[in-house]
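Please read this briefing with the sequence and the model side by side. It takes one topic at a time.

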Amino acid sequence: MTKKDKADDEFRPTGTVVILAIFVVTLIVIWATIYMILIGRGGTL
Amino acid sequence: MTQYQLSTGEKKFIGWHLLAAILAFAVGSFFGPLQAFEHAGWDLYPYLKPLIKSYYQGLTIHGVLNALVWTTFFIMGFLTFNVIFGLKRPLKNMTLNKVGFWMMVVGVLTAAVPILANEATVLFTFYPPLKANPFFYIGLTLVVVGSWVEGWGFFMTYAAWRKEHPNERTPFIAFGSLVTTLLWQICTLGVAVEILTMLLPWSLGLIEGVDPQLARTYFWFTGHPLVYFWLLPAYISWYAMLPKQAGGGKMFSDSLARLAFWLFLVLSTPLGFHHQYVDPGVPPVWKFIHAMLTFSVFFPSLMTAFTVIASLEYAGRKQGGTGTLRWIGKLNWSNPSVAAQLLAGILFFFGGIGGLANASYNVNLVLHNTAFVPGHFHLTVATAVTLSFMGISYWLVPYLTGKKLWQPKWATIQAWVWFIGMIIFSNSMHVLGLLGAPRRVPLGLAPYIPAEWNSRLFQVGVGGAILFVSGVLYLVVMYKTATNKQTVESEVEVPIAEAMQDPALSPVWLDRWSPWVYGALALIVIVYGPQLFDMIKNIALTSPGFRVW
Amino acid sequence: MSTQSMHIDAYERNWMIFGIVMLALFAAAVSVAAFGMGIQVPAPEQRVDPRTVATDPNSPWSNPGLREIAPGKYDAYILARAIPKWEYLPNEMTVPAGSTVSFYVTSADVQHGFKIQDTNANFMVLPGQVSKLTITFDKPGTYNFICTEYCGSGHGVMYGAIIVTP
């Protein structure tokens, strides 16, 4: 069975949050760039 | 603490899967770079003429062997290991699993004959009315059915284990493997129906024609969850093995990991229309509904990203890592298995971004069938999955054979070379796609190439060359390991990251199958049923076959 | 204290909430483009018999080409085929800048693609189905349209052009 380490309760994944923040910014920038290409080319109906 | 031991027979059986997978990788990866070289203007196909007739025959071999055969065999082997080791019991019916495995082998060989004879140059999507030799379809069917049979063996083993352990939580690696197997069995119904009701009778001359729109719909019923069939085994390793290897880490959240797997089971099939956004015969309302479900299946991947990275951060800090990000350097990068999987994970971020763009409904108008798409899936199946599988094999092959990994340093270099080659290859493919370059075209010869594409096409060739070096290096390491005279001193330890919170404390509904399975089937019926019914009712078998290669 | 509960770290919970909001925003953005700006994916238009679509005199694709239906408004009937060679019929069309063109494309044999460079016209062309999208050409120039789905050995040479005159 899992024994809880004392360190476990104090562990805060701050680095994880920073890595994911970088990921999200990259995601939004790339996605928005492609989306703007779409918008710039106009309607299809 | 001694670990559960697999028998020699079980190790051999899993080893056969890996051998078949690696042989397929070897042949398929020889043809991958040939496409990349062609793009850069170095067309080597004329030199292969007596054996290989065309660019497209090479591309078919590359796609079938690398995307379908290498992955499926590796996965079935790895899942067999996970089921046995996770449940700590032998397979319920080893003979059944052996039958499944040999069906897959016979299937690959059966399909290989027409492919090598240039009678099935239809690429790995085999869209009708391109018509291949019947043995191509028979071979593919055998591979799929063989994988089902092996999966039934897993389910029987699980049922036996459950009887022996009525109140225990399913150990995570077995749990993830069983979910992956079930997902595969549900989603392959699409391609099974496509082949058995249309393509095979048609190629045998029993029916005159096929309905290409319906065939595409069946194909993509399987085609997208196929991606998760590839990916989930890598996720199992990232969740439950990599943190341990990287520095004695623990699984940050066992219950969220299980929830993520259930969400993949429920959500990864009912969204196949996102591969058909620009098909003429599917109403936009269904395309839109599938788009929304596609956004929702991104969610369990976001959960996975958090849990896996947090588990790694825990490992890094346990190794004395400090600062916000400096713990990354404390991870066990010198272990080739760790390096390969970490690098695979880094590139998977970009695979996810490209995938989300592809799947964003009308945004697909910018990207559909451009070079962006192979650029994207070389980050997912050819890196997140393939490089992770390479990393897994760096501990699993020594475990199975008792031979020491040959030159771990070279194995680590192999992973880095793949990483670098793939960045160059994939980045240039994405950019070319945004500029309008189509996929599946020998771009070195296409008459409409503007000069501004040339530098990118050159980079595609450079990336392909680097990847080729890495692929050869992988094969050398594997061969030298399998034939290594140095044996491991003691049994290789299977890396298993324990959960931070005892899995027994996680909610019991995370270990109940029926609500999730019925939920998955219900959702499929709701979002596929009406449109499929309509298409089948109005089926038009009006397309005769063509052999235009 | 319940022994069985879903333990979720506070950071992870916030990440999950953030993820849902972000995905909802992406969904909203594509909805605005689709329903607000008319940037839509193809809808079922018409089904045809691929065996006769190129020869039946009642089929517009037996006489493919550009038809002006109103000033500045055109219908373009285009046939994609791999036999006898890989080509679009017609493979060149000329319209003045500002024209709105509806493309009706079908295949006489295998699956093809149709992508007009630098526009949002990009769709599959299937035998038995008619693919339709409508595009307005504001800027003069030559717009290549290319085949984007593998259709046999000549796939890479299959293309045509729309010439938009000032």
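**Briefing on the predicted model**

Five strands of chain C form an open sheet in the order 4-10-9-6-7, and the pairing within this sheet is mixed; strands, like helices, are DSSP runs numbered from the N terminus, with at least two residues (E) for a strand and at least four (H or I) for a helix. This is a predicted model, in which local features need pLDDT of at least 70 and side-chain atom pairs count only at pLDDT 80 or more, while totals for chains, interfaces and linings use all residues. Residues are numbered from 1 along each chain as its sequence is written, and chains are lettered from A and ligands numbered from 1 in the order in which they are written.

**The sheet of chain C**

- Strand 4 (92–96) and strand 7 (122–125) of chain C stand at the edges of the sheet, and because each has a single partner strand, one side of each is left without a neighbour in the sheet.
- From one strand to the next the twist averages 20°, where axes are lines fitted to C-alpha atoms (for helices over the stretch in contact) and angles run from 0 to 180 degrees between N-to-C directions.
- Strand 6 and strand 7 of chain C pair in the antiparallel sense over four bridges, pairing being assigned if DSSP finds at least two bridges between two strands; in this pair, C:F114 stands opposite C:F123 of strand 7.
- Strand 6 (residues 112–116) of chain C also pairs in the antiparallel sense with strand 9 (residues 141–146) of chain C, over two bridges, and here C:K115 stands opposite C:I146 of strand 9.
- Strand 9 of chain C pairs in turn with strand 10 (residues 159–165) of chain C, again in the antiparallel sense, over six bridges, with C:G141 placed opposite C:V164 of strand 10.

- In chain C, 17 residues are in contact with 14 residues of chain A, a contact being two residues whose C-beta atoms, placed from the backbone, lie within 7 Å.
- Helix 1 (10–36) and strand 8 (131–137) of chain C each supply at least two residues of the side that touches chain A, and helix 1 gives the most to that side, with six residues.
- That side of chain C divides into eleven nonpolar, six polar and no charged residues, where Ala, Val, Leu, Ile, Met, Phe, Trp, Tyr, Cys and Pro count as nonpolar, Asp, Glu, Lys and Arg as charged, and the others, Gly among them, as polar.
- Chain A itself has two helices and zero strands.

**Chain B**

- Chain B has 16 helices and zero strands, and along its principal axes its C-alpha trace spans about 65 × 50 × 45 Å.
- Of the 549 residues in chain B, 61% are buried, meaning that 20 or more other C-beta atoms lie within 10 Å of a residue's own, whereas 12 or fewer make it exposed and counts in between make it partly exposed, with C-beta atoms placed from the backbone.
- B:I14 lies in helix 1 (residues 8–39) of chain B and is buried, because 25 other C-beta atoms lie within 10 Å.
- Not counting residues up to four places away in sequence, B:I14 touches B:G77, B:T80, B:F81 and B:L400.
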